[in-house]
Amino acid sequence: QVQLVESGGGLVQAGGSLNLSCAASGRTFSIYNMGWFRQTPGKVRELVARIRWSNDRIEYTNSVKGRFTISRDNAKNTVYLQMNSLKPEDTAVYYCAAAVGTSGLSMYWGQGTQVTVSS
């Protein structure tokens, strides 16, 4: 199993910045990729950004490109999400996720952290 512990989040005004971090422990050698999803009430959880462990390939959802940056610290098994130029529509619960296994088909989730952007 993989355990994920998130930190960061909170309340910020539009145009501001926040940084989320997610530390993985346990069977970290099995991680295929790690990233962040977000969810608002009544909507499907959506991918925000993720990074592949083997080659650092990064994906972003279109709405955050140029504003958010995902990065990782290999030694700490930690992934970060730097969020700049935040907009009210970025308000959501953000979940750290780790896909494990050779194809990344199994998922582990963090507990979620609230990000609220006021206008």
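Reader: How many residues does the largest nonpolar core have, and which have the most contacts inside it?

Author: First, note that this is a predicted model. In soluble globular proteins, nonpolar side chains tend to be buried together. Here the largest nonpolar core has 28 residues, and M34, W36, L81, M83 and Y94 are those with the most contacts inside it.

Reader: Which strands each supply at least two residues of this core?

Author: The list is β1 (2-7), β3 (18-26), β4 (31-39), β5 (46-52), β7 (68-73), β8 (78-83), β9 (92-100) and β11 (113-118). The largest share, five residues, comes from β9.

Reader: What is M83 in contact with, leaving aside its neighbours within four places in sequence?

Author: With those neighbours set aside, M83 is in contact with G16, S17, L18, L20, R67, F68, Y94 and V115.

Reader: Which residues does the disulfide join, and are they buried or exposed?

Author: The structure holds one disulfide. C22 is joined to C96, with an S to S distance of 2.0 Å. C22 lies in strand β3 and C96 in strand β9, 74 residues apart, so to read it plainly, the pair links distant parts of the chain. Both cysteines, C22 and C96, are buried. The angle about the S-S bond is -80 degrees, and the link of C22 and C96 is left-handed.

Reader: In which sense do β3 and β8 pair?

Author: β3 and β8 pair in the antiparallel sense, over six bridges.

Note on methods. Residues numbered from 1 in each chain as written. Predicted model: local features only at pLDDT ≥ 70, side-chain atom pairs only at ≥ 80, totals over all residues. Heavy atoms only, no water. Core = buried A, V, L, I, M, F, W, Y, C linked by side-chain atoms within 4.5 Å. Buried < 20%, exposed > 50% of the residue type's maximum accessible area, 1.4 Å probe, protein only. Helix = DSSP H or I, 4+ residues; strand = E, 2+ residues; numbered from the N terminus. Contact = heavy atoms within 4.5 Å. Disulfide = S-S within 2.5 Å. Pairing = 2+ DSSP bridges.
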